[in-house]
Amino acid sequence: MEAPQTEKARVMIVRKLRLKRGWSQGQLAEMAGVTTRTIQRIEQGHRSSMETSKALASVFEVELSLLQPEDEQMQDETELKADEQRALFYAKRMKEFYESLATYVIMAVVFIALFYSEPVVYIILGGLGAWLIVQGLIAFEVVSFMSPGWERRLAERKLGRKL
């Protein structure tokens with residue numbers, strides 16, 4: 001039997017429900033009548049107000065208790081399981097990598113077009129390219145630097161016991 005759902009897993013439910021429906025944070029915010037920043041904060045682990053939770057429950061057509069549980073007992077189908085948490089974390093890293101890649105390509109084209117004769121541009125783009133390669137290795141899980149497992153081991157080391 002799984003341990004009770006953590007606060008982090010509980011707030012990740014909003015992200016899971018949003019992604020399941022294929023909505024952006026902006027679309028969800030508009031439908032719920034809140035700001036995009038509010039949705040971002042909720043997905044980062046901040047607690048939502050009762051009013052926001054009611055609006056989100058209405059938009060997602062789920063029980064309010066899913067978003068504002070009164071106790072730790074929740075139905076199995078509403079719990080965010082460990083593999084789902086890992087998959088969402090992976091998807092977030094991949095999204096960040098592709099956003100970085102697109103930004104790099106656009107910046108490279110613009111800077112080369114404007115400053116093609118300046119050697120410093122190529123040095124800067126080379127450095128950014130190296131950073132992008134590291135981000136790709138992390139996103140594609142070739143290197144597991146600062147993964148959830150690393151974070152857990154760090155916390156356990158600090159506590160001197162298993163979580």
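**View 1. E99 and K95 both lie in helix α6, four residues apart, about one turn of the helix.** The model is predicted: local features need pLDDT of at least 70, side-chain atom pairs count only at pLDDT 80 or more, and totals for chains, interfaces and linings use all residues. Residues are numbered from 1 along each chain as its sequence is written, and side-chain values use heavy atoms, with hydrogens and water left out. Helices (H or I, at least four residues) and strands (E, at least two) are DSSP runs, numbered from the N terminus. E99 and K95 form a salt bridge, with 3.8 Å between the closest N and O atoms. A salt bridge means a Lys or Arg side-chain nitrogen within 4 Å of an Asp or Glu carboxyl oxygen. E99 is partly exposed at 41% relative accessible area. K95 is also partly exposed, at 47%. Elsewhere, salt bridges with shared partners join R15, R18 and E43 into one network.

**View 2. R15 and E43 form a salt bridge, their closest N and O atoms 3.4 Å apart.** The pair links distant parts of the chain: R15 is in helix α1 and E43 in helix α3, 28 residues apart. R18 also meets E43 in a salt bridge, at 2.6 Å from N to O. R15 is buried, at 11% relative accessible area. R18 is buried at 6%, and E43 at 12%. Buried means under 20% relative accessible area, exposed over 50%, and partly exposed in between (1.4 Å probe, protein chains only). The structure holds three salt bridges.

**View 3. The largest nonpolar core has 15 residues, of which V14, L28, L56, F60 and L67 touch the most other members.** Two or more residues come from each of α1 (7–21), α2 (25–32), α3 (36–43), α4 (50–60) and α5 (64–67). The top contributor is α4, with five residues. Such a core joins buried Ala, Val, Leu, Ile, Met, Phe, Trp, Tyr and Cys residues through side-chain atoms within 4.5 Å. Beyond its neighbours within four places in sequence, L28 contacts V14, R18, W23, I39, L56, V59 and F60. Contact means heavy atoms within 4.5 Å.

**View 4. Helix α4 buries T52, S53, A55, L56, A57, V59 and F60.** After α4 comes E61, with a positive phi near 60 degrees.

**View 5. Helix α6 runs through residues 82–115, with its end C-alpha atoms 48 Å apart.** At 1.5 Å a residue, its 34 residues should span 50 Å, so the two values agree. Its buried residues are L88, R93, M94, F97, S100 and A108. S100 has a relative accessible area of 18%.

**View 6. Y90, Y98, L101, V105, V109, I133, L137, F140, V142 and V143 form a nonpolar surface patch.** Two or more of its residues come from α6 and from α7 (119–139). α6 gives the most, with five. Together the patch has about 870 Å² of accessible area. V142 lies in the loop between α7 and α8 (148–159). It is exposed, at 61% relative accessibility.

**View 7. The whole protein chain has eight helices and zero strands.** Of its 163 residues, 30% count as buried. Among contacts with a separation of 6 or more, 58% join residues 24 or more positions apart.

How values were computed. The expected span of a helix is 1.5 Å times one less than its number of residues. Patches are made of residues with over 30% relative accessible area and no salt bridge: like charges are joined within 9 Å, nonpolar side chains (Val, Leu, Ile, Met, Phe, Trp, Tyr) within 5 Å. Accessible areas come from the Shrake-Rupley method with a 1.4 Å probe; for residues, only the protein chains shown count as cover.
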